[in-house]
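Please consider the following briefing alongside the sequence and the structure, which are shown next.

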Amino acid sequence: MASLTLFVSNLPASASSAGLEELFSEVGPVKRCFVVKDKGSEKCRGFGYVTYSMAEDAQRAQNEMKQYDGRKITVVPAKKKILKQKQGSKKGMHFCV
């Protein structure tokens, strides 16, 4: 099964969630989109995530999206990360994308 969420790297410090969504919406409807920012600042850390509703749109974006504001970007399927709770917690593991 194809991933619906894409990891986008090599974004400029000026990248915004709105700008990323606008760019990736050219391929198809974006379900969720955000750039990861430094704590306490609006500066992009250089990567973000884009989630589509349809796997076909995610696959097409992976193949077609090569630049953000003239800068070469890398677009790959996001990997699921397992987050372990602190020892002694009553809850199990959490999954995030």
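In which sense do strand E2 and strand E3 pair, and over how many bridges? Strand E2 (residues 30–37) and strand E3 (residues 44–52) pair in the antiparallel sense, over six bridges. This is a predicted model, in which local features need pLDDT of at least 70, side-chain atom pairs count only at pLDDT 80 or more, and totals for chains, interfaces and linings use all residues. Residues are numbered from 1 along each chain as its sequence is written, and side-chain values use heavy atoms, with hydrogens and water left out.

**Hairpin**
- Strands (E, at least two residues) and helices (H or I, at least four) are DSSP runs numbered from the N terminus, and two strands pair if DSSP finds at least two bridges between them.
- Phe34 has Tyr49 of E3 as its bridge partner, while Gly40 takes a positive phi near 75° in the hairpin of E2 and E3, which has six residues between the strands.

**Pro77**
- Pro77 lies in strand E6 (residues 74–77), and its relative accessible area of 37% makes this residue partly exposed, a class between the buried limit of 20% and the exposed limit of 50% (1.4 Å probe, protein chains only).
- Leaving aside neighbours within four places in sequence, Pro77 is in contact (heavy atoms within 4.5 Å) with Ser3, Thr5, Leu6, Phe7 and Gln62.
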